[in-house]
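Subject: Structure handover

Hi,

Here is the structure I promised to pass on. Please open it next to this email, and then read on for what turned up in it.

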Amino acid sequence: MPATDIRLGVVGTGYVGLTTGACFAHLGHHVVCGDIDQRKVDLLNGGKIPIVEDGLEQIVNDARGAGRLEFVLGSQAAAADADIVFLCVPTPQGDDGSADLSYIEQAAREIAPILKPGAVVVNKSTVPVGSTIAVEKVLQRDDVSVVSNPEFLREGTAVNDFLMPDRVVVGAANRAAAEKVAELYAGIDTPVIITDPASAETIKYAANGFLAMKISFVNAVAAMCEHVGADVSAVVEGIGSDTRIGTRFLNPGPGWGGSCFPKDSRALVKIAEDHGYNFSMMKGVIDVNDEQRRRMVDKIAKAVGRHQSDLSGVRVGGMGLTFKAGTDDLRESPAMAIIRELRKVGAEVKAFDPTTCGDLSPHQEVTLAGVELVGDLMDIADGVDVICVFTEWPEFAKVDLDELASRVGKGTTIVDTRNLFDPDAVKNAGLRYDGVGRR
């Protein structure tokens with residue numbers, strides 16, 4: 001059967017499900033995406049997407065126009081007549097780091113009766129080791145295979161990551177089922193790693209854990225640079241020139257966040273613990289990340305001559321709120337973590353972010369409660385005691401520093417948690433500068 005004749009079902013149209021469905025349709029497959037939210041289904045069928053993601057709306061609508069992509073209500077409608085069904089539903093995390101598989105299990109339970117004989121069910125969501133077997137037990141279908149095909153999508157570049165990946169990982173006990181899923185990617189020139197399910201599931205967590213480790217490492221080095229008088233920019237250039245290390249993910253900042261690194265790092269510790277291994281290195285990576293956020297609060301306090309335990313009456317102007325540029329995602333945002341700590345000790349925060357200038361999503365409204373949002377970047381400067389760069393939106397680097405100084409007052413400090421600005425340019429505008437690990 002030619003790959004383009006295979007019908008795909010995608011259960012869930014969140015970040016992973018929508019990108020997966022749209023990109024497979026872009027590759028020529030016929031895809032039906034199902035979701036339990038009628039409002040979201042109607043929105044997608046109307047040509048609109050509910051997230052900020054470069055290029056995604058275009059390929060969604062191109063595929064819809066070509067008749068290769070449909071959006072329907074419910075998992076059964078998505079899975080009916082599908083040769084391969086991708087489960088792309090949430091796996092929220094408990095306080096102990098364990099993943100909640102109830103959404104995955106519910107989706108499997110719903111589609112089990114209507115799956116075609118010989119169908120393949122694919123875990124695309126990030127799931128703990130052993131989840132492939134767990135889904136098999138729920139399905140109770142000897143004629144259906146379950147495969148692990150973890151996603152490696154970065155918010156802001158998800159379309160590019162899907163269509164030009166570093167690798168595709170497929171894990172299955174049934175080699176034929178694994179090859180059937182691998183064949184879906186035939187239009188992409190990339191290595192395909194076929195392995196067992198446990199290894200595929202571990203690869204996802206280990207990859208994100210390693211990247212989180214690199215960021216925590218450079219943040220710890222930046223802290224050391226501040227103590228010894230070194231410049232982290234020069235240090236990163238020096239160590240990154242070593243081809244064994246490289247410069248990627250060696251950008252000091254306020255700590256890592258988002259929907260993947262925090263969840264996957266804690267899950268990696270929990271999975272190891274459940275199987276009798278104390279993953280102390282990963283615990284240290286998480287501890288350094290928590291410490292980095294506290295260090296940013298301390299920088300803000302020092303900028304206004306206060307102790308970080310009492311910032312009552314201090315007004316902070318924030319540049320950016322999302323966990324990184326190029327997305328509207330506030331989940332586990334370092335900016336929001338720092339702002340929460342600031343508000344706990346009495347500070348007031350007004351902020352601007354390109355994604356919060358218009359109508360807010362319900363999640364954004366809840367998350368941003370207590371933060372004064374402004375509609376123009378320069379408005380954050382009025383009446384504040386310190387300015388803090390929280391998110392590395394490239395347009396922020398182009399701000400007129402002289403105008404900013406005139407609005408906020410000369411001598412005010414910019415705490416640059418992203419090292420976005422040129423320190424000399426900030427100082428030449430009459431402002432003080434405090435970056436991360438910079439002199």
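Leaving aside residues up to four places away in sequence, Val314 touches Val304, Arg306, Ala347, Glu348 and Asp385 (contact means heavy atoms within 4.5 Å). Please keep in mind that this is a predicted model, where local features need pLDDT of at least 70 and side-chain atom pairs count only at pLDDT 80 or more, while totals for chains, interfaces and linings use all residues. Residues are numbered from 1 along each chain as its sequence is written, and side-chain values use heavy atoms, with hydrogens and water left out.

Val314 sits in the loop between α12 (280–303) and β9; helices (H or I, at least four residues) and strands (E, at least two) are DSSP runs, numbered from the N terminus. Val314 counts as buried because its relative accessibility is 3%. Here buried means under 20% relative accessible area, exposed over 50% and partly exposed in between, with a 1.4 Å probe and protein chains only. The C-alpha atoms of Val314 and Gly346 are 7.3 Å apart, although 32 residues separate them along the chain.

Which order do its six strands take? The open sheet runs β11-β10-β9-β12-β13-β14, with parallel pairing (two strands pair if DSSP finds at least two bridges between them). At the edges are β11 (372–373) and β14 (432–434), each pairing on one side only.

Strand β12 (residues 386–389) is covered on both faces: Val386 and Cys388 are buried on one side, Ile387 and Val389 on the other. In a regular strand, side chains alternate between the two faces of the sheet. Four bridges join β12 to β9 (residues 315–319) in the parallel sense, and Gly318 stands opposite Cys388. Four bridges also pair β12 with β13 (residues 413–416), again parallel, with Asp416 as the bridge partner of Val389. Together with helix α15 (residues 401–408), β12 and β13 make a right-handed β-α-β unit; right-handed means that, with the strands pointing away from the viewer, the path from the first strand over the helix to the second runs clockwise.

The whole structure holds 27 salt bridges, each defined as a side-chain nitrogen of Lys or Arg within 4 Å of a carboxyl oxygen of Asp or Glu. One of them joins Arg418 and Glu392, with the closest N and O atoms 3.4 Å apart. Arg418 lies in the loop between β13 and α16 (423–428) and Glu392 in the loop between β12 and α15, so this pair ties together parts that are 26 residues apart in sequence. Asp298 and Lys302 meet in another, at 3.2 Å from N to O; they are four residues apart in helix α12, which means about one helical turn separates them. Lys263 and Asp264 also form a salt bridge, at 3.8 Å, and both are buried.

Is Glu53 buried or exposed? Glu53 is buried yet has no salt bridge, and Lys324, the nearest side chain of opposite charge, is 7.4 Å away (Lys and Arg count as positive, Asp and Glu as negative; His and the chain ends are not counted).

Best wishes
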